[in-house]
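Hi everyone, thanks for making time for this one. I'd like to walk you through a structure, so let me put it up on the screen first.

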Amino acid sequence: MRFRRVLALASVTLVGALLSVAAIAQTAAPAKPARVAQAQAAAPAAAVAPTAAPLKPGDATAGQAKAAVCGACHGLDGNSSDPQYPKLAGQQAGYIVRQLELFKSGQRPNPIMLGMATPLSPQDMADVAAYFAKQKTLPGIADKTLVSAGGKLYREGDKTAGIPACMACHGPDGRGNPGALYPHLAGQHAQYVQQVLTAWHSGQPWGKGPHAQIMLTIAGRLSTADIAAVASYIQGLHTAVPAAAPASAVAAAQ
Ligand code: HEC
Ligand code: HEC
């Protein structure tokens with residue numbers, strides 16, 4: 001009986017906590033009746049499609065206004081200047097929406113992006129994604145000393161280590177494959193790529209299901225040196241070069 005009372009108390013506290021979370025989230029959104037907020041708080045947080053992006057067509061013009069808040073870190077046109085924040089310019093809309101859903105549900109754990117994604121509705125997500133997808137990625141520069149090792153891994157993989165060629169999925173020019181939700185990588189900051197690959201290497205997936213296992217398996221086989229080299233190569237990759245010149249990162253090196 002005492003146990004029951006404790007349980008009841010615990011659930012009251014839990015509901016209280018959920019409500020205060022809802023209250024925080026609500027301050028960023030137009031005011032809604034308390035009952036709606038309660039219903040939302042009570043709904044399970046797992047309303048996330050595991051693989052495909054459930055996209056209504058996004059509106060890039062509406063998205064530009066909604067993306068103003070994102071600009072502080074990601075750059076107003078999606079080309080962040082601080083390399084710890086990923087570039088969003090030129091990223092596929094479906095991939096951006098999927099990441100926002102993963103952040104919102106906590107399946108891709110990041111406290112900053114949890115806060116940024118929580119107030120976004122599915123339509124907001126589609127709109128900001130449409131805006132960033134339309135922007136041009138500003139190319140970066142690869143490190144001369146890493147580019148040949150990085151390029152080899154990117155284009156050929158490493159058979160003995162069981163590492164597939166990155167370009168098999170991400171494309172020879174790093175454009176990715178929107179249908180399969182393989183992201184655009186070309187020009188991404190090496191520091192961010194390194195951060196992501198290192199986290200995967202230590203075994204933290206973004207969500208559940210087979211899609212989330214792909215990079216976890218691949219990154220698990222990359223050494224620290226591999227990660228540094230391929231990240232630098234990716235930073236120097238340009239999507240604008242002809243496919244006949246896959247050594248584009250070399251050209252980008254100083
Ligand atoms: C205070 C800084 C900050 C703001 C503001 C911010 N972000 Fe982020 N964003 C981050 C960080 C940090 C990461 C990397 C998270 C990680 O390492 O997993 C990130 C990652 C992302 C990613 C994943 C990109 C990828 O290549 O996987 C998307 C998409 C994204 N943010 C969208 C947005 C949108 C849309 C907004 C505005 C509504 C926004 N962000 C506002 C800091 C910010
Ligand atoms: C079999 C297909 C496949 C291959 C091969 C592959 N990737 Fe990926 N990559 C993916 C998928 C799928 C994702 C999205 C992961 C997710 O959503 O959990 C991804 C995401 C990434 C990201 C995150 C990008 C971002 O901005 O969020 C990086 C970095 C990356 N891959 C690098 C690499 C590198 C480096 C290699 C080669 C060593 C490689 N990938 C090989 C399928 C692949």
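Let's begin with Leu181, which sits in the loop between α9 and α10. A quick word on the labels: helices are DSSP runs of H or I with at least four residues, strands are runs of E with at least two, and both are numbered from the N terminus. Leu181 has a positive phi of about 60°, although it is not a glycine. The scheme calls a residue buried with 20 or more other C-beta atoms within 10 Å of its own, exposed with 12 or fewer, and partly exposed in between, with C-beta atoms placed from the backbone.

Please keep in mind that this is a predicted model, where local features need pLDDT of at least 70, side-chain atom pairs count only at pLDDT 80 or more, and totals for chains, interfaces and linings use all residues. Residues are numbered from 1 along each chain as its sequence is written, while chains are lettered from A and ligands numbered from 1 in the order in which they are written.

Now the overall view. The protein has 13 helices and zero strands. Of its 254 residues, 34% count as buried. Contacts here mean C-beta atoms, placed from the backbone, within 7 Å. Among contacts between residues at least 6 apart in sequence, 70% join residues at least 24 apart.

Next, helix α10, residues 190–201. How far apart are its end C-alpha atoms? They are 16 Å apart, which agrees with the 16 Å that twelve residues should span at 1.5 Å a residue. The expected span is 1.5 Å times one less than the number of residues. The buried residues of α10 are Ala190, Val193, Leu197 and Trp200. They cover an arc of only 95° around the axis, so they lie on the same side of α10; that arc is taken from the directions from the helix axis to the C-beta atoms. These buried residues pack against α11 (210–220) and α12 (224–236). Just after α10 comes Gly203, with a positive phi of about 95°.

In the loop between α11 and α12 you'll find Ser223. Ser223 counts as exposed because it has 12 C-beta neighbours inside 10 Å. Ser223 and His201 are 22 residues apart in sequence, and their C-alpha atoms are 8.6 Å apart in space.

α5 has 13 residues and reaches 19 Å from its first C-alpha to its last, close to the expected 18 Å. How many of the 13 residues of α5 are buried? Twelve are, so to speak, under cover, including Arg98, Glu101 and Lys104. What covers the buried residues of α5 includes α6 and α7 (122–134). Following α5 is Gly106, whose phi is positive, near 80°.

On to the cores. A nonpolar core is a set of buried Ala, Val, Leu, Ile, Met, Phe, Trp, Tyr and Cys residues joined through C-beta atoms within 7 Å. The largest has 24 residues, and Leu197, Val230, Ala231, Tyr233 and Ile234 touch the most other members. α12 gives the most to this core, with seven residues. Apart from it lies another core, of 20 residues, among them Ala93, Val97, Phe103 and Ala117.

Finally, the ligands. For these, a residue is near if its C-beta atom, placed from the backbone, lies within 6 Å of the molecule. Around ligand 1 there are 19 residues, the closest being Cys70, Cys73, Pro86, Gln99 and Met116. That shell divides into 13 nonpolar, five polar and one charged. Here Ala, Val, Leu, Ile, Met, Phe, Trp, Tyr, Cys and Pro count as nonpolar, Asp, Glu, Lys and Arg as charged, and the others, Gly among them, as polar.

Which residues come nearest to ligand 2? Of the 23 around it, they are Pro164, Cys166, Cys169, Trp206 and Val230. α11 gives the most to this shell, with five residues. The shell around ligand 2 has 20 nonpolar, three polar and no charged residues. Val230, one of the nearest to ligand 2, is also among the core residues that touch the most other members.

Conventions
Contact = placed C-beta atoms within 7 Å.
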